[in-house]
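Q: I have a model open and want to talk it through. Can you put it up and start with the terms?

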Amino acid sequence: MLMKTTLLHAAGFTAISLALATGAAAADKNAAPASTPVGITLVDVTNAGDKFLWRRLGDATGNPLYFYDKDETTGKSSCNDECAKEFPPLLASATAVASGDWSVVARADGAKQWAYQGRPLYRYSGKDPTAEPPGRRGGRAGGPEALSDPASSVNTPKQGWRRAAFTPESTTPTPSGIELQSLAVANGYGFISSTNHMVTYVLKTPPKDTARWAPVYAPAVARPIGDFTLATREDGTTQWAYKGQRLYTFSGDYSDTDLNGILAEKDAKPALAFEHYTPPSVAVDILPYRGPVMTNAKGLSLYTVSRYKLQYGGRHARDGYHASYAVAKLVGTRGCTADCLKDYRPLVAPANAQPSGFWEVVARADGSKQWAYKGSALYTFAGDKKPGDIQGNNRHEVMYGDKEGKRDLSVTGGDNAAAAREMAGSGLYWHLVTFFN
Amino acid sequence: MTFMKILSRTALVAVPLCFAAAPASAAETRGYVISWLATATNVTDFKANCPQNKNGGRTEWTIRDLVAVGYTRKEAEDIVTNAPNSTELPADITRKTDTRAVLANGQHVSIYNYPEAVTDPNIETVSGKFAYGFDLGGKTEANKFEDPDTHSKVDNQMWRAVGCTESFRAVPPVMPFPEEVAWNVMVDTSPAWSLMITGDDLSKDGKVTLTFDRVTQHLERDSAGNVMSNASYVIDGSPKSHNVLHGEIKDGMLTITPSNLYLQGEMPYYAEIAIRNAHMRITQQPEGKLLGYWGGYVNWMRFIYMYTARPGNGSDSVGLYHAIKKLADANPDPKTGQNQEISTTFRMEAVPAYIATADGKVLGMASAGDVVAPAKVAGQ
């Protein structure tokens, strides 16, 4: 299913709802393919300050996937027998279909294995190396160099192996002046103008308000490349087109995290190379003065709970507050149990839910399944009654320990005596799902 | 208590809370944004407030922490003297002091997250006579202060707990240090709070309505770095920080019918401003700014969390934790009997602002420039 826009009127807001890719085969030939097959996840690698470094591939539970350096030249798996016991191949189902950067390779024993950009994928049978989760003021994780290197010791258990990075930009040709970039608000990887770093849009028909829509011009000597072709405008100038639809930028966008063009023109869509999977029960509303808000299918806001982190300012900026994947997983479903569940209700995943992209399925203590986005379990808030309500946002839960030691502070990290000063402020913080690249 | 005595104690030039005259038949609404909000301090007579002067500053409580983990006083003083500054002690020593909280099983844990497991250092608390505040109905007479402006008996156990701590020896416009740091970041990064005052004729005494909201923008600064007057703000439609209070203007002073107030905050400033049984008194300054006090009961644990979450940030946070807990004076926990709330007073300032809805309707007009001459005051 492609993105579509629907005007909603709720709580005095004019909200735009985006129905996002569900992983179903696209009927529209211009639809962006899914970024990952079912069962393969994407995980952001961040440094101690939660700054994004790169994106890696993960299995269904987010565990790292690896490339084998010896496979690189052959494109087929060189890891069999004992090697495969140590690094089990990421097997593909019998019905798995290759698409784009994703291929299926046949192993020596006849099994099928997923490969990304021609490189077979593997898990590790032991404990994956991890950098220490960041503290509240920056942790003691490996330095930026080690974290940024998929082959470093913090990223791989063995020499000759490296963590599999998600690098769509390396196989997506773009013309000069256009870049491929992760666009969280558009839920995928899209094209931005190198000139002004604005999102580019495709429109089936010329925009009505030409003053606000700027064509992405191509130089006179430009040649088509990849899915980019050239269209001659009425005035003789040349404009880039993507998959047959002309490209524009919108003057109401002020950064590459804006997507205001879809509010201005009915058939405007961001030009996406890949679209991330989103569960059918999830949507995104764009609320005036707030921007994109992730909601359930009924339009109720979705929230995550993170460990409290010392951060001066910016919590309410669009991408102003988020937890690292590692910390999100540490909190997991423990972030809300018992009495908390009266206020925050898990976003239930159906029994047949499959992880993909940024979405995982996590099990709660009672056996029920819950959706998690970028490692954080998702909830609605009981005090929200209608679309546009965000009563559950920006709430702190203070959790001091008791002198008997009965209260478990491991969920907040407050029990970390070795980093007493760094981990001061034992508590949890509830907030709307953050869209960050 | 005459109006003139209020003027002399606070050095305010309080004019009657009046505005440009409006047609008699039309109600009017003036808009403001809260430009300053912090614990109300009264430090004019430190000796009277804290006769023992035993809390000291950062150096002293660092020495106390070192003594608490076994150093002699002399050893502790030497360690502090030899440190680059009193806060940058060698890591192994800091680790000792930071984990001197001991659980029942002997395990050492963080003092900031387990303050209950730290021996109460019994910091000195205020024993002076004066503190800003309101009579919240507290039953213990011995706990009451006298308000330096109104001379009424008031409840402000928060000031009693914090008033002998160095970082609270702040004279406005300076805030207590931890609040100052966080507030000045908030000014530039966090949604502001708006206040609209509505009445039939704000140039006269009468009933008014106060409407508090959160807005979508952060406060704007002027060229001098202060919060700008007459800027425009859009109300955040979320009702979470929407409060409608009722009050009256009488003899230049706006007070409210006690009510509850909830405003979303942002850590490491206050997580929220949540005042139960909130009282207010507000006056207008010649330039149109509002100045006043809010008092009521706040959850003591959520207050001190602001401090324990930022170790060393201008306070002996563990000492304050125990002091505030001991002096909490309302809303006992039915199981433990521990009071969960403490009487508190905030000092506030607000500057005129245009307050509008998201669809462009201006609800509150800025009032700067519309001040009229002070009315005649009784006793003047």
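A: Two strands pair if DSSP finds at least two bridges between them. Strands (E, at least two residues) and helices (H or I, at least four) are DSSP runs, numbered from the N terminus. This is a predicted model: local features need pLDDT of at least 70, side-chain atom pairs count only at pLDDT 80 or more, and totals for chains, interfaces and linings use all residues. Residues are numbered from 1 along each chain as its sequence is written, while chains are lettered from A and ligands numbered from 1 in the order in which they are written.

Q: OK, strands then. In β17(A), what is the bridge partner of A:Tyr242?

A: A:Gln245. The strands β16(A) and β17 (residues 245-250) of chain A run antiparallel, joined by two bridges. They form a hairpin with two residues between the strands, and A:Lys243 has a positive phi near 50° there.

Q: What does β14 of chain A pair with?

A: β14 (residues 217-218) pairs with β16 (residues 238-242) of chain A, antiparallel, over two bridges. A:Ala218 sits opposite A:Thr238.

Q: Which strands make the three-stranded open sheet in chain A?

A: The order is β10-β11-β19 of chain A, with antiparallel pairing. β10 (178-183) and β19 (272-275) of chain A are the edge strands, each pairing on one side only. The twist averages 30° from one strand to the next; axes are lines fitted to C-alpha atoms, for helices over the stretch in contact, and angles run from 0 to 180 degrees between N-to-C directions.

Q: How many bridges between β11 and β19 of chain A?

A: Three, with β11 covering residues 188-193. A:Gly190 has A:Leu272 as its bridge partner.

Q: Zoom out. What are the domains of chain A?

A: Domain 1 (53-166), domain 2 (173-275) and domain 3 (282-432). Such bounds come from an automatic or database domain assignment. The centres of domains 2 and 3 of chain A are 35 Å apart, taken over C-alpha atoms.

Q: How many helices and strands in each chain?

A: Chain A has five helices and 29 strands. Chain B has nine helices and 16 strands.

Q: Which residues have the most contacts inside the largest nonpolar core?

A: A:Leu121, A:Leu378, A:Tyr379, B:Val33, B:Ile304 and B:Ile324, in a core of 188 residues. Strand β15 (residues 339-356) of chain B gives the most to this core, seven residues. A nonpolar core is a set of buried Ala, Val, Leu, Ile, Met, Phe, Trp, Tyr and Cys residues joined through C-beta atoms within 7 Å.

Q: Last one. How many residues does each chain bring to the contact?

A: 41 from chain B and 34 from chain A. Two residues are in contact if their C-beta atoms, placed from the backbone, lie within 7 Å. On the side of chain B that touches chain A, α7(B) gives the most, with five residues.

Notes: Buried ≥ 20, exposed ≤ 12 C-beta atoms within 10 Å, placed from the backbone.
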